[in-house]
Amino acid sequence: MNKKPLNIGHRGAMGHETENTISSVKKALELNVDMIEVDVFLIKSGELVVFHDEILDSLTDTKGKIEDFTWEELQKVVVKGNHQIPTLDEVIETVDKLVVLNIELKGKNTAQPTLELLEKYYQKGWTKEDFLISSFLWDELESFRKLDNEIPIAVLTEENPLDALATGKKLKAVAINPWWKTLTEENVEALHSEGFQIYTYTVNEPKDIKSVTELGVDGIFCNFPERLH
């Protein structure tokens, strides 16, 4: 019998509400997730905002690279479904320690400002265990690890997950987060034997959820968190 994997809301609960919005985060909490994942970019005026794509075009009424905007300009941008782009601050306040927040460093130069923002929350009673830092940009994870030796880190990878092992060890990561289609019994066993948790993305179909659960993964990112109950 496989243990139940952690239910990780992908960009909130993006199967129900527009991804990476406060509504999506609230919906994920409502659906009793164990963890919520969001994506962050650093914008021109220095704020960290939660958004997935580098450009605004496909999800908003505005065109252009998100990093070129100021916060004042972004507040006028309307996200599909009549939402606003939130700051990482707003998302942390919404999650409010109810579940772990997985912050994916989507943009470059996000490590230092994310660390500085989190330090503000540690003063208010949050702990490092309330967060998980992940990224496909392994150099951002390295920058973060140099600044903070303790916060949980997960290494995102789209290729053979075993190729992330060396980086995972170097960063003292708690998890390797592979694309579910790259998983096999062998590599799951190999990652586990090296002491890593495996949080796999993004698994939405019930049959696929069942198959990765049977492989023994430790967490599943899903757009429809209720499918994991």
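Predicted model: local features only at pLDDT ≥ 70, side-chain atom pairs only at ≥ 80, totals over all residues.
Tutor: Residues are numbered from 1 along each chain as its sequence is written, and side-chain values use heavy atoms, with hydrogens and water left out.

Student: Why is Ser134 called buried?

Tutor: Buried means under 20% relative accessible area, exposed over 50%, and partly exposed in between (1.4 Å probe, protein chains only). Ser134 has a relative accessible area of 1%, so Ser134 is buried. Ser134 lies in strand E5, residues 131-135; strands (E, at least two residues) and helices (H or I, at least four) are DSSP runs, numbered from the N terminus.

Student: What makes the pairing of Ser134 with Asn102 a polar contact?

Tutor: A polar contact is a pair of N or O atoms within 3.5 Å; within protein, one must be able to donate a hydrogen and the other to accept it, and residues adjacent in sequence count only if both atoms are side-chain atoms. The side chains of Ser134 and Asn102 make such a contact at 3.0 Å.

Student: Why is Thr60 called buried, and which backbone atoms does its side chain reach?

Tutor: Thr60 has a relative accessible area of 12%, and is therefore buried. Its place is in the loop between E3 and helix H2 (71-74). The side chain of Thr60 reaches the backbone oxygen of Leu56 at 3.0 Å and the backbone nitrogen of Thr62 at 3.0 Å.

Student: Why are H1 and H3 called roughly parallel?

Tutor: Axes are lines fitted to C-alpha atoms, for helices over the stretch in contact, and angles run from 0 to 180 degrees between N-to-C directions. Angles under 35 degrees count as roughly parallel, over 145 as roughly antiparallel, 65 to 115 as roughly perpendicular and the rest as oblique. Helix H1 (residues 22-30) and H3 pack at about 20°, with axes 10 Å apart; they are therefore roughly parallel. The contact (heavy atoms within 4.5 Å) involves residues including Val25 and Leu29 of H1 and Val91 of H3.
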